[in-house]
Amino acid sequence: MSADHKGPWYKRVYDWLEQRVQLEGPIADAALHPVPRSTASWWYVFGSASLTLLILQVVTGILLGIVYTPSAAHAWDSLQLLNHSLPLGWFLRAMHGWGSNFMVAVVLIHMAQVFLFGAYKFPRELTWILGVFMLLMTLGMAFTGQVLRFDQDAYWGLGIGVSIAGRVPIIGGALVDLLMGGPVINGATLTRFFALHVFVIPGTLLAFTALHVWMVLKLGVNEWPMPGRIVRRETYIQEYNQLAHKDGIPFVPGAVWKDLFFSAAILLAVAVCAAIFGPYGPKGVPDPAIINTVPKPDFFFLWIYTVLSYLPANLETPFILIVPIVAIAILLALPFVAGVGEKSWWRRPVALFTVLFLAVAFSQLTNLGTYTPWSPQMNAWSSAAVPVNFLRNRTPLERQGANVLQEKQCRNCHALGGVGGMRGPALDSVATRLTEDQLYRQVLLGGGNMPAYGSALSPAETTALVRFLETLHPDYQQPATDASRQVAAQ
Amino acid sequence: MDEKLPPPNPPEPSPPERELHSRRTFLMNVGIALNAAVAAAIATPVVVYLIGPVLRRKEYRAWIDLGNACDFPAGETKLITFKNPFTDPWDGATANIPAYVRCSEPGKFTVFAINCAHLGCPVRWFAESQLFMCPCHGGVYYADGSRASGPPERGLFTYEIKVENGKLMIKAGQVPTLSNRAANTPCPSATEPISPGLVSRIAPCPPTTKDPGTNASTIG
């Protein structure tokens with residue numbers, strides 16, 4: 001051990017440790033392994049950024065775990081304590097919440113990039129498959145995390161999960177009981193989602209991540225795809241090694257500096273969002289007896305919310321139960337179906353348009369989910385007054401009709417002057433579309449998506465309402481009339 | 001590691017033939033078998049523990065007293081809250097379950113679950129328009145619980161009821177879903193028998209009247 005006695009003290013400490021753990025060699029091998037020059041690109045930073053965000057989530061999660069109480073009676077209060085009483089508790093909650101959003105987003109971008117660059121092809125099939133499961137676990141973390149924020153959204157969000165599980169044939173009932181840990185959503189439900197969110201899913205996710213990164217190191221970073229450079233099982237490895245060695249650079253520092261820059265930028269972005277926008281909720285207390293609530297899922301599940309609203313009733317159960325399984329099966333089968341061949345997106349139009357289609361569909365469905373045009377606006381009838389210009393120069397009977405319109409909650413589904421529900425058509429110019437008889441019919445019998453009001457309206461109320469509706473037309477346009485009436489009057 | 005992809009496995013020195021059948025190898029195999037047996041023995045209680053909530057399902061439902069039947073005036077639908085019969089001290093407010101009691105005529109009660117038959121959100125009663133509306137996906141029901149519009153496949157779930165010694169009782173304790181008892185209770189104002197099998201899962205409540213919402217049963 002004579003070598004230990006030379007050099008400054010920190011060198012001696014380092015040598016003492018290294019002689020025992022002997023990690024220098026493997027770490028140097030991993031850091032200095034040659035990668036194709038083309039992979040030192042800003043397009044290759046999303047995987048490492050996902051890992052950075054995962055570490056951020058683990059650290060902030062542990063810090064929140066110091067205070068959070070996984071009890072249905074106390075969870076909400078412990079979040080309030082974090083938000084308002086503990087110094088910077090709100091900031092850690094915000095970091096964890098925004099970190100979650102960023103992680104889902106970055107993982108999705110990473111996946112799209114890997115798909116478009118053909119990185120799932122031979123010999124990286126298993127890396128992709130692991131990645132699919134890691135995506136599912138990331139989404140699982142986002143959902144269970146929303147449950148741990150035990151507020152009204154969490155409670156009724158669980159209710160939706162339970163209802164979906166209840167639609168599974170044969171084992172649905174048992175599945176519902178398993179999911180809730182009992183007959184209803186209560187303390188037993190929260191503790192099992194706590195175990196999932198804190199132990200089961202992150203533990204598995206970390207193990208999968210380690211294997212995923214290990215395989216990236218062993219199989220090499222996917223080279224930049226060039227049109228015409230075809231992947232063949234027989235020759236690929238040799239070609240890759242040539243790229244990596246003849247025209248390669250060591251991963252450190254050749255490529256890693258971009259990863260480091262991007263990870264720092266992402267962490268900073270999370271912190272800035274956390275500082276500016278603050279933590280997510282918790283919203284109202286999770287008391288199921290408070291039914292004046294409008295439950296809404298978190299951002300990355302809004303598209304599902306939209307889909308569930310727009311599916312026809314008879315398609316819903318088959319869709320909910322079959323489509324996710326088919327989608328996951330397609331993702332898992334992808335490297336086996338398209339494991340060789342063209343990697344470049346210039347030669348894979350179907351792949352490119354699939355990604356574009358999914359991106360457009362996701363953003364449109366999410367956008368609809370932000371303002372839920374399919375939901376009645378529960379307070380519109382009592383909070384949104386009839387615009388004054390719809391009441392000017394009207395007879396008392398017509399004004400009484402406006403009263404009926406408000407009182408019978410018509411505004412919850414029908415907008416007037418741009419205010420009110422969007423479930424049904426706006427009524428601003430309804431008289432130009434429907435004649436008096438058609439208005440009576442529509443009000444009394446419903447139809448389309450409208451309930452029948454025949455039993456909720458007295459004849460006098462109905463007359464007043466229809467008289468008012470008949471006045472709803474622009475000055476420059478006459479109300480619709482039944483041509484046969486004039487003929488009959490002659 | 002960077003020479004070949006996938007990396008070559010270092011050639012392992014194959015053990016001499018006699019090593020494969022030695023006493024040590026035999027004992028190692030016995031050790032593996034022992035561990036497998038113990039693991040199986042330990043796994044059984046773990047599985048039973050995990051599916052405990054399913055095994056206990058018979059305990060979940062009980063008759064619950066909702067108060068005097070005469071407290072529910074005829075022609076009204078009232079929001080009530082009852083304590084779930086199967087509860088733990090740490091459930092807090094989640095032990096409370098809301099429901100709607102509808103008394104269509106004296107002595108005739110229907111108790112609706114709060115959960116929309118679509119995906120379980122809490123429906124709200126609007127006495128003026130005699131409708132239940134759901135805030136989530138826009139399901140709407142008539143006063144008698146039958147589906148009026150929106151995505152629900154069926155009418156509102158109802159509880160089993162009885163009136164005993166002047167008290168209105170319901171059998172409750174379980175979130176109503178399409179896969180438990182709640183799904184089998186007759187749909188509000190259903191006169192036709194429920195169709196069996198897959199069809200009943202998708203459309204268990206055939207439209208009963210020609211013009212729903214216009215007959216007496218849908219009036220609150």
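Modeller: In β4(B), Phe109(B) is the bridge partner of Cys103(B). Before going further: this is a predicted model, in which local features need pLDDT of at least 70, side-chain atom pairs count only at pLDDT 80 or more, and totals for chains, interfaces and linings use all residues. Residues are numbered from 1 along each chain as its sequence is written, while chains are lettered from A and ligands numbered from 1 in the order in which they are written.

The bridge belongs to the pairing of strand β3 (residues 96-105) of chain B with β4(B), which run antiparallel and are joined by six bridges. Strands here are DSSP runs of E of at least two residues, helices are runs of H or I of at least four, both numbered from the N terminus, and two strands pair if DSSP finds at least two bridges between them. The open sheet has three strands in the order β2-β3-β4 (chain B), with antiparallel pairing. At its edges stand β2 (76-83) and β4 (108-113) of chain B, each with a single partner strand, so one side of each is left without a neighbour in the sheet. From one strand to the next the twist averages 30°, with axes being lines fitted to C-alpha atoms and angles running from 0 to 180 degrees between N-to-C directions.

Now the packing. Leaving aside neighbours within four places in sequence, Ala99(B) is in contact (C-beta atoms, placed from the backbone, within 7 Å) with residues including Ile80(B), Phe82(B), Val111(B), Phe112(B) and Tyr159(B). Ala99(B) and Val101(B) have the most contacts inside the largest nonpolar core, which has 104 residues. Such a core is a set of buried Ala, Val, Leu, Ile, Met, Phe, Trp, Tyr and Cys residues joined through C-beta atoms within 7 Å; buried means that 20 or more other C-beta atoms lie within 10 Å of a residue's own. Helix α5 (residues 89-116) of chain A gives the largest share of this core, eleven residues. A second, separate core of 23 residues includes Cys410(A) and Phe468(A).

Strand β3(B) also takes part in the contact between the chains. That contact takes 66 residues from chain B and 72 residues from chain A. Among the elements that give two or more residues to the side of chain B are β3, β5 (124-126) and α5 (197-202) of chain B. The largest share of that side, three residues, comes from β3(B).

Definitions and conventions: Contact = placed C-beta atoms within 7 Å. Buried ≥ 20, exposed ≤ 12 C-beta atoms within 10 Å, placed from the backbone.
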